[in-house]
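Colleague: I have a structure open here and would like to talk it through with you. Could you take me through the parts you would look at?

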Amino acid sequence: MLKINNLHARVEDKEILRGINLTVNAGEVHAIMGPNGSGKSTLAAVIAGKEEFEITEGEIFLEGENLEDNSPEDRAHKGIFLSFQYPVEIPGVSVTNFMKTAINESRKAKGLEDMPAKDMLKLIREKSEMLEIDRKFLSRSLNEGFSGGEKKRNEIFQMAMLEPKLAILDETDSGLDIDALRIVANGVNKLKSKDNAVIVITHYQRLLEYIVPDFVHVLHNGKIVKSGTKDLALELEEKGYDWLKQETVI
Amino acid sequence: MAYTEEELKKELETKEYEYGFYTDIESDTFPNGLNEEIVIAISKKKEEPEWMTLWRLESFKIWKEMVEPEWANVKYKKPDFQAISYYSAPNKKPKYDSLDEVDPELLDTFKKLGISLDEQKKLAGVAVDIVMDSVSVATTFKKTLAEKGIIFCSISEAIKEHSELVKKYIGSVVPQKDNFYAALNSAVFSDGSFCYIPKGVRCPMELSTYFRINQAGTGQFERTLVIADEGSYVSYLEGCTAPSRDENQLHAAVVELIALDGAEIKYSTVQNWFPGNKEGLGGVFNFVTKRGLCEKNAKISWTQVETGSAVTWKYPSCILKGDNSIGEFYSIAVTNNYQQADTGTKMIHLGKNTRSTIISKGISAGKSQNSYRGLVQVNSRADNARNFSQCDSLLMGNECGAHTFPYIEVKNKTAQIEHEATTSKIGEDQIFYCNQRGINTEKAIALIVNGFSKEVLNKLPMEFAVEAQKLLEISLEGSVG
């Protein structure tokens with residue numbers, strides 16, 4: 001599904017990713033953990049194609065295809081979805097209207113007609129029920145005045161609507177209370193299949209109790225310094241990141 | 001949408017051949033310059049009664065004494081008023097009662113312009129009075145309107161056939177001496193629309209006029225007069241497109257609305273005059289005076305979507321003379337490249353319990369300058385007057401400007417005035433968020449801009465709202481790269 005080779009990226013003069021290697025296969029859930037400033041969010045943004053970051057070395061492949069020349073929207077059309085850590089507000093644009101535009105733009109890129117209104121409504125009803133989203137919520141302006149939890153739930157709702165191949169959840173657990181966390185995690189679990197993959201970026205092990213990863217990677221100073229199974233997350237929870245930092249300082 | 005200004009221009013050039021405009025053009029276009037003789041000649045050409053000729057001459061006299069205003073936040077090369085021809089008619093064509101009589105090729109041109117009369121008719125039963133250059137070419141639905149006693153015709157026709165009404169109201173809201181451009185218009189106006197809704201009548205359809213400039217170097221001086229008699233209602237739509245020209249074209253229109261006791265007028269405009277090219281050359285100068293008078297319990301609502309013109313100077317206003325009268329102003333002004341807009345409104349509260357609402361949305365891109373200028377005035381006798389104003393500006397890129405000049409003059413202690421203003425910028429984060437959901441940058445901007453403008457777009461009649469939305473997209477194409 002996703003293959004990253006020796007990826008180096010920087011913003012202005014600051015190198016943030018310093019040789020990332022990562023392979024994610026269909027059907028897998030990977031967790032990326034690490035202290036603040038280790039490059040987790042940058043990695044997510046670079047995979048999604050944010051232009052602010054310059055890739056100085058290495059490649060990203062999605063299903064064997066080099067993404068180098070793909071714009072963020074192309075990548076989205078190919079099935080990459082990023083659940084933002086800080087979703088932006090778009091005043092005056094309803095959640096429904098935004099989703100309709102996003103879905104139809106992706107369809108257009110694939111040479112398909114707009115989704116018939118009837119199907120769109122059905123899809124919205126189905127997915128909002130799954131994520132226990134109040135219908136009134138869908139007519140509100142995108143993220144405007146949303147609570148932290150609402151914003152995150154809205155991100156997962158969009159993921160459910162767009163049915164991506166590769167979903168990257170960037171600190172989706174931050175700002176969620178335990179009930180919201182459970183709903184969001186349930187949603188992600190329901191969307192998981194043998195044909196798609198999920199990368200969960202998180203600080204804490206808490207979310208991983210609900211979304212159980214097949215692999216856990218620890219990012220530090222722009223590199224993956226340790227990989228393991230879900231037990232690694234538990235170990236991190238217990239010992240913190242310092243022991244890893246010390247190991248890698250050498 | 002792919003229909004470019006250049007193609008349009010070519011189309012119109014060939015049209016001139018097809019219709020034999022060349023043979024008639026010389027006799028129907030006056031020599032450049034302005035003096036009393038020209039004013040008299042215009043009046044004569046239009047077979048006007050003497051009072052009208054005198055009114056024009058009086059206006060001309062006033063205009064000569066006036067100077068062009070300079071207070072607006074716009075910079076441009078002042079037009080040479082002696083280098084303009086003040087009258088031009090496309091042709092001495094007969095007038096049409098129905099579309100069937102209109103040359104199919106002409107209709108075809110309108111269709112390409114996106115002004116499909118057929119579609120309009122089917123969509124909403126719109127009666128369209130097309131002003132091509134200065135003379136009305138086609139008027140439709142006249143009969144349906146006539147049955148209700150509604151008069152909807154060109155102002156020239158009204159001057160001849162409804163002389164008393166015109167005489168009574170013309171200049172009553174925008175006096176000749178009101179301002180430089182209004183005085184000029186009063187002297188030389190070539191044509192425009194007239195509308196009268198009788199007492200208690202609700203106009204059954206949206207009235208619409210499309211204006212175009214299609215002859216190089218011809219200024220347009222439109223005059224519109226809408227009178228809604230007691231307890232009547234009318235919704236009037238005005239839309240403009242203009243083909244590309246290298247030289248600047250002057251457009252100085254006057255619109256007067258009169259809402260008598262309990263009447264309501266909704267006046268919507270989509271303005272898309274040629275804005276000049278990307279280097280800021282050419283484009284229409286749009287100096288418009290629009291004002292409405294509200295008698296007791298009357299309501300006037302201005303809605304405008306301004307995307308065109310190189311320079312816009314326009315303040316649709318309401319004089320809330322009658323008690324309990326209501327004035328509204330909803331505006332979207334888009335400027336791109338080198339466009340300059342100084343636009344807003346005046347709400348003059350004279351009567352008791354008068355209310356006004358101002359919602360202004362300015363969108364600036366490229367190297368453009370966009371100013372909101374508004375006056376809320378509450379006079380001493382206007383007890384319990386209320387106003388709410390909201391002025392929002394959206395900036396795209398780092399080279400454009402947004403300015404707000406709100407003036408508030410209150411002479412009555414019971415007045416309640418609220419003013420809110422915001423300035424925001426389309427952020428890269430917003431664009432990236434949309435991109436990540438598969439929405440390309442151009443579409444993302446359209447989405448954000450439409451969201452920003454929604455409160456105003458919602459005020460437009462349905463078929464206009466769709467057109468306006470498209471126009472916003474087209475106007476901002478390539479503004480973020």
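**A sheet, a contact and a core**

Modeller: Let me start with one residue pair in this predicted model: A:Arg10 stands opposite A:Glu54, which belongs to β4 of chain A.

Colleague: And which strand does β4(A) pair with over seven bridges?

Modeller: The partner is β1 of chain A, residues 2-11, which pairs in the antiparallel sense with β4, residues 54-62. Both belong to an open sheet of four strands, in the order β2-β1-β4-β5 of chain A, with antiparallel pairing. The edge strands, each pairing on one side only, are β2 (14-24) and β5 (65-66) of chain A.

Colleague: What lies across β1, β2 and β4 of chain A?

Modeller: That is helix α1 of chain A, residues 40-48, which runs at about 70° to β2(A).

Colleague: Switching to the two chains, how many residues does each bring to the contact?

Modeller: Chain A brings 21 residues and chain B brings 16 residues. On the side of chain A that touches chain B, α3(A) gives the most, with five residues, and the residues of that side divide into 12 nonpolar, six polar and three charged.

Colleague: Then the largest nonpolar core: how many residues does it have?

Modeller: It has 181 residues, and those with the most contacts inside it include A:Ile168, B:Cys195 and B:Leu257. Helix α12 of chain B, residues 441-457, gives the most to this core, with nine residues.

Colleague: What is A:Ile168 in contact with, leaving aside its neighbours within four places in sequence?

Modeller: Among the contacts of A:Ile168 on that basis are A:Ala44, A:Ile47, A:Phe81 and A:Ile199.

Note on methods
Residues numbered from 1 in each chain as written. Chains lettered and ligands numbered in written order. Predicted model: local features only at pLDDT ≥ 70, side-chain atom pairs only at ≥ 80, totals over all residues. Pairing = 2+ DSSP bridges. Helix = DSSP H or I, 4+ residues; strand = E, 2+ residues; numbered from the N terminus. Contact = placed C-beta atoms within 7 Å. Axes fitted to C-alpha atoms, helices over the stretch in contact; angles between N-to-C directions. Nonpolar A, V, L, I, M, F, W, Y, C, P; charged D, E, K, R; others polar. Core = buried A, V, L, I, M, F, W, Y, C linked by C-beta atoms within 7 Å. Buried ≥ 20, exposed ≤ 12 C-beta atoms within 10 Å, placed from the backbone.
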